[in-house]
Amino acid sequence: MSNTTAGGPGRIAGDGSVVARAPAKVNVHLGVGPLRDDGFHELQTVFLAVSLFDTVTVRRSTGLSLEVRGEGTADGAGPAGVPSDSRNLVWQAAELLARHAGVAADAHLVVDKSIPAAAGLAGGSADAAATLVALDALWGTRATRGDLAALAAQLGSDVPFSLLGGVALGTGRGERLSPVLARRRWDWVLGIAGEGLSTPTVYGELDALRAAGELPDGAVAASTEPVLAALRSGPVSALAAALSNDLQAPAVRLRPELRRALRAATELGAAAALVSGSGPTVAALAEDEDGAARLATELAGAGAFRAVRAVHGPVPGARLVG
Ligand code: C5P
């Protein structure tokens, strides 16, 4: 982890605002081990940050206030199911950073969502990571990237990766990261469902399927080596063959129409398709940028998804904008 400050002062715009953005992620490998005593599962995962971003704008205020706009809004109000109070992870991120830095938690936060909520894309984690970076700059806390990573891990399992970006191997509950070198760009189409899935429910379904003997025990989690080798050297067919997600079976059990959506993606030309994280987003791997654009059009026409987005990765983690 670098020792440099994450944002630092001097990035405050003329109107007093600071803007940061953070990416969505896809798990190209998600091996889920046993349930731990603390209620989390031991993971072996490989994260890839992709080019779908949420933006957080912060400005000085008295006390904390929060406005959530964007993805999922039919009427310009907050996206369905995304709270705009202390239940939102960005609020908790602001309070945590203020406590860490010994400053008053004074800020107005505006979250502009492009990443759908409860979609398996770490949208809430992206918002929290962007908030840490933006408020560090607004408040001049001079936190190091290491400081922010430690705060991120307290907020949620995926928040450290939203901060780091790129490609990383995640262990522990997903918060312990080792960056991975990826030499090339990977193109994907994200198929976004109309209704989200709750992460704890999907993990719970996996435990139930394992307890019933319908799925193998978590102790035999597959190795990350094939997917890491594929990421290092391509070709697309190698990554396609190495994609795996232990949460896919429970997500499909909870949302049977995912089976058809996954099949549609491969029938319409994806090199492979898998459920992203705990779902229900389907991540379809394309040959290249043109292939992703074609696949996005085909998938939009097939009607299996509420929305489709052509994205690529790796992209950087949470960063100041402007
Ligand atoms: O860390 P985060 O708040 O994102 O986790 C949400 C929920 O997902 C946890 O409360 C837990 O039920 C489940 N989870 C898990 N094992 C992990 C990560 C998350 O069981 N490694």
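Predicted model: local features only at pLDDT ≥ 70, side-chain atom pairs only at ≥ 80, totals over all residues.
**Group meeting: the annotated active site and its surroundings**

I'll start with the record. UniProt, in an unreviewed entry, places the feature "active site" at Lys25 and Asp158. These two span 134 residues in sequence, yet no two of their C-alpha atoms are more than 9.1 Å apart, so they gather at one spot. A caution on the source: UniProt positions are given in the numbering used here, feature names are shortened, and annotations may be inferred rather than shown by experiment.

Residues are numbered from 1 along each chain as its sequence is written.

Now the two residues in turn. Lys25 lies in strand β1; helices (H or I, at least four residues) and strands (E, at least two) are DSSP runs, numbered from the N terminus. Is Lys25 buried or exposed? Lys25 counts as buried, with 33 C-beta neighbours inside 10 Å. The cut-offs are 20 or more other C-beta atoms within 10 Å for buried, 12 or fewer for exposed, and partly exposed in between, with C-beta atoms placed from the backbone. Neighbours within four places aside, Lys25 is in contact with Phe47, Leu48, Ala49, Val50, Leu121, Ala122, Asp158 and Phe161. Contact here means that the C-beta atoms of two residues, placed from the backbone, lie within 7 Å.

Asp158 sits in the loop between α3 (145-155) and α4 (159-164). Asp158 is buried too, with 28 other C-beta atoms within 10 Å. Again leaving aside neighbours within four places in sequence, the contacts of Asp158 are Lys25, Ala122, Ser125 and Gly174.

Ala122 is on both contact lists, and its backbone deserves a look. Most residues other than glycine have a negative phi, and most peptide bonds are trans. Ala122 has a positive phi of about 60 degrees although it is not a glycine. Ala122 is in the loop between β4 and α2, and with 31 C-beta neighbours inside 10 Å it counts as buried. Ala118, in the loop between β4 (107-113) and α2, also has a positive phi, near 50 degrees. Ala118 is buried, with 22 other C-beta atoms within 10 Å.

Next, the ligand. Which residues are around the ligand? They are Gly39, Phe40, His41, Leu43, Gly156, Ser157, Asp158, Arg173, Gly174, Thr199, Pro200 and Tyr203. A residue is taken as near a molecule or strand if its C-beta atom, placed from the backbone, lies within 6 Å of it. The elements giving two or more residues to this shell are β2 and α5 (199-211), and α5 has the largest share, 3 residues. By type, the shell has 4 nonpolar, 6 polar and 2 charged residues. In that count, Ala, Val, Leu, Ile, Met, Phe, Trp, Tyr, Cys and Pro are nonpolar, Asp, Glu, Lys and Arg are charged, and the others, Gly among them, are polar.

That shell draws at least three residues from each of domain 1 (17-180) and domain 2 (186-313); the bounds come from an automatic or database domain assignment. The domain centres, taken over C-alpha atoms, are separated by 22 Å. Their contact takes 29 residues from domain 1 and 36 residues from domain 2. On the domain 1 side, β1 gives the most, with 10 residues. That side divides into 20 nonpolar, 9 polar and no charged residues.

The largest nonpolar core has 105 residues, and Val90, Ala129, Leu132, Ala134, Trp188, Val189 and Ala284 have the most contacts inside it. Such a core is a set of buried Ala, Val, Leu, Ile, Met, Phe, Trp, Tyr and Cys residues joined through C-beta atoms within 7 Å. Helix α2 (residues 123-139) contributes the largest share, 11 residues. Where does this core lie? Domain 1 and domain 2 both give residues to it, so the core lies between them. Trp188 touches, among others, Val26, Val50, Ala284 and Val311.

Last, two prolines. The peptide bond from Gly234 to Pro235 is cis, with omega near -10 degrees, and Pro235 lies in the loop between α6 (225-233) and α7 (236-242). Gly279 and Pro280 are also joined by a cis peptide bond, omega about 5 degrees. Pro280 is in the loop between β9 (272-275) and β10 (282-286).
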